[in-house]
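Thank you all for coming; I would like to walk through a few local features of one model this morning. Please have the sequence and the structure open while I talk.

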Amino acid sequence: MRVLIVIESGPAGPDGDSIALLAHAAALAEESMALMFGSALHETAIEVVGQTGVGRIMIADAAEFDGPLIGARVATIDAVLARAPVDAVLFAPSLVAPELAGTLGATLGAGVAWGLTDLSLDAGVLKAIRPVNDDSEIVDVTWSDGPALAVFRSFSGEASPSSRRGTIEHVPPATARNVPRIVRQERAESSSQNRLEDARIVVAGGRGVGSAEGLDLVRDLAGAMGAAFGVSLPVVDSGWAPRDRQVGQTGTVIAPDLYVACGISGQIQHRLGIARSRYIVAINNDPDAPIMRWADLAIVGDLHALLPKLTDEIRRTGIN
Amino acid sequence: MRFVAFVKTATGAAIDAADALARAGRIGPGTLGPVDARAVEAAIRLREAFGGDVVAAAIAPPDVMGAVREAIAIGADRGMILADPLIDAADLVERGRVAAALLTHLGADIGIYGPWPGDVDGTILWSAAGAVLGWPVLPQARSLRIDEGEIVVSRQVQGGDIWLGTPPPCLIEITEGLPAARRASLKSRQTARSKPLQLLTLNDIACSPPTPSKAAFEGRRPAAGRAQPIVLADPEAAPAAVITFLRERGLVPCAS
């Protein structure tokens with residue numbers, strides 16, 4: 001089994017899911033290659049080889065890979081596959097992974113599976129696991145013909161230091177046709193206070209708060225708990241809170257000990273951004289909201305009545 | 001220029017058609033959902049800027065006719081439904097090929113679609129359609145404008161926003177960041193009811209039947225070891241219960 005693992009690397013290197021997937025695939029496959037997109041990657045690649053034992057890392061290192069455009073990525077993957085055909089392409093979780101897989105699925109005539117969380121070899125046959133029905137059930141995923149295209153939603157596991165000496169090579173970004181151009185980019189200003197990514201507790205509000213004023217109840221609870229304050233995407237879209245407070249796959253991906261979601265339904269992009277939270281408490285007046293099925297503690301009720309009481313109780317007991 | 005706004009086009013059937021339609025059809029097959037209505041609105045605004053016409057298109061069973069008629073009442077020039085049982089078992093990539101064939105058949109310059117919230121399935125489908133057509137895909141548009149003949153959309157990414165531009169043809173995925181649809185008047189609804197809708201099959205659009213998926217999803221079973229959430233339906237008891245929950249898990253100091 002020969003696999004190509006496609007990962008994205010930000011300034012801090014690949015995320016934990018990508019490292020875990022790389023290590024797992026390197027242990028599973030006879031031959032493993034990683035293709036890493038980003039910029040200024042060489043040092044990162046050396047570290048990743050040591051962490052994961054992957055046999056070969058190809059670095060597609062260019063400023064254009066800091067953005068989410070898929071054209072050059074697809075062309076680069078195509079060029080790599082033309083040189084070294086594989087049985088499977090594994091996409092680590094990222095914003096662009098589903099777009100890459102959909103595009104390659106059409107151009108390669110390959111089978112695409114997505115939302116995957118685990119991978120195994122069963123008598124030489126690649127098999128993945130996909131949770132369905134709000135994660136209450138799972139299905140097995142297999143491919144009848146290659147290359148198998150597998151998009152991971154998350155991948156947990158620990159990478160242990162490897163003595164394997166993988167190779168590192170640079171691959172030039174391939175030129176893509178019919179792609180949009182970047183007209184402008186704006187970085188969101190991130191306040192150094194109460195950083196979401198470092199917080200042990202995050203309390204966040206969603207559309208269910210009803211208004212910008214409704215968010216004050218969430219801020220009060222966050223303050224009482226000594227937590228960072230966050231919001232979901234619809235709250236930012238409504239202009240009720242600044243962009244740098246957004247939790248989710250397109251905002252800040254967090255991994256607190258405790259995440260308290262107030263009036264947040266829990267759509268998939270939000271869920272992907274909070275998946276590494278140790279415990280999740282959800283407060284929502286809709287018992288059928290997706291988050292109520294996968295939170296650890298789900299409270300059905302009107303948050304406008306409930307939050308002030310909860311805030312008072314926390315202040316009264318002095319537990320923050 | 002021809003703008004095709006997709007409505008009621010279900011995606012996740014590769015795993016579970018019933019689940020996919022339940023998610024898409026929470027408001028009933030005959031009703032136009034707000035995200036689909038935004039797609040129609042975006043198409044109308046592009047028509048106002050470029051000239052041309054708007055087609056409201058559904059790849060769905062014929063019972064979505066009411067939704068297509070509502071799209072016409074909002075302002076689409078005409079509506080059509082691609083309803084073919086052969087599509088039911090198609091996977092996302094094959095559905096993308098079908099959507100591409102429909103856009104080609106309609107002579108579209110721009111295809112516009114709205115996702116279900118956070119819809120990975122839709123992303124795969126429309127990326128496949130873009131690849132088949134050779135068109136750029138502008139995903140997750142939070143704003144949409146025309147600048148010297150170029151479509152420019154903004155998209156949120158981790159750490160900021162990015163504006164992407166391309167001349168037509170292209171595919172545009174709209175989000176709730178774009179303006180809501182205008183209201184249909186009683187008169188426009190009456191007019192929409194009198195307009196004929198096109199019902200098409202794959203044969204009509206010269207599209208070969210979808211091939212079986214190369215990815216199989218089987219062996220559905222309960223997820224092991226997943227703890228059921230503790231559900232509190234009594235808001236009065238919630239504050240004390242939350243504190244107990246936090247203490248039991250060592251998230252806050254225990255009571256002295």
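This is a predicted model: local features need pLDDT of at least 70, side-chain atom pairs count only at pLDDT 80 or more; totals for chains, interfaces and linings use all residues.

Strands here, like helices, are DSSP runs numbered from the N terminus, a strand being a run of E of at least two residues. The phi of A:N178 is near 55°, a positive value in a residue that is not a glycine.

A second case in chain A is A:A123, which is likewise not a glycine and has a positive phi of about 50°. A:A123 sits in the loop between β6 (118-122) and β7 (125-132) of chain A, and is exposed, its relative accessible area being 78%. As background, most residues other than glycine have a negative phi, and most peptide bonds are trans.

In chain A, the bond that joins A:G146 and A:P147 is cis, with an omega of about -5°, and A:P147 belongs to the loop between β8 (137-143) and β9 (148-152) of that chain. In chain B, the peptide bond from B:P168 to B:P169 is cis, with omega near 5°, and B:P169 is placed in the loop between β8 (160-166) and β9 (170-174) of chain B.

Let me turn to helix packing in chain A. How do the axes of helix α5 (residues 215-225) and helix α9 (residues 303-317) of chain A cross? They come within 9 Å of each other and cross at roughly 20°; angles under 35 degrees count as roughly parallel, and α5(A) and α9(A) are therefore described as roughly parallel to each other. Their crossing is left-handed. The residues of this contact divide into ten nonpolar, two polar and two charged. On the side of α5(A) they include A:L217, A:L221 and A:M225, and on the side of α9(A) they include A:L307, A:L310 and A:I314.

Finally, consider strand β1 (residues 2-6) of chain B, which is mostly covered, with four of its five residues buried. Which strands does β1(B) pair with? Five bridges join β1(B) to strand β2 (residues 53-59) of chain B, the two running parallel, and within that pairing B:A5 has B:A56 as its bridge partner. β1(B) also pairs in the parallel sense with strand β4 (residues 110-113) of chain B, over three bridges, where B:V4 stands opposite B:G111.

Conventions:
Residues are numbered from 1 along each chain as its sequence is written. Chains are lettered from A and ligands numbered from 1 in the order in which they are written. Side-chain values use heavy atoms; hydrogens and water are left out. Axes are lines fitted to C-alpha atoms, for helices over the stretch in contact, and angles run from 0 to 180 degrees between N-to-C directions. Angles under 35 degrees count as roughly parallel, over 145 as roughly antiparallel, 65 to 115 as roughly perpendicular and the rest as oblique. A crossing is left-handed if the near helix is turned anticlockwise from the far one by less than a right angle, and right-handed if clockwise. Contact means heavy atoms within 4.5 Å. Ala, Val, Leu, Ile, Met, Phe, Trp, Tyr, Cys and Pro count as nonpolar, Asp, Glu, Lys and Arg as charged, and the others, Gly among them, as polar. Buried means under 20% relative accessible area, exposed over 50%, partly exposed in between (1.4 Å probe, protein chains only). Two strands pair if DSSP finds at least two bridges between them.
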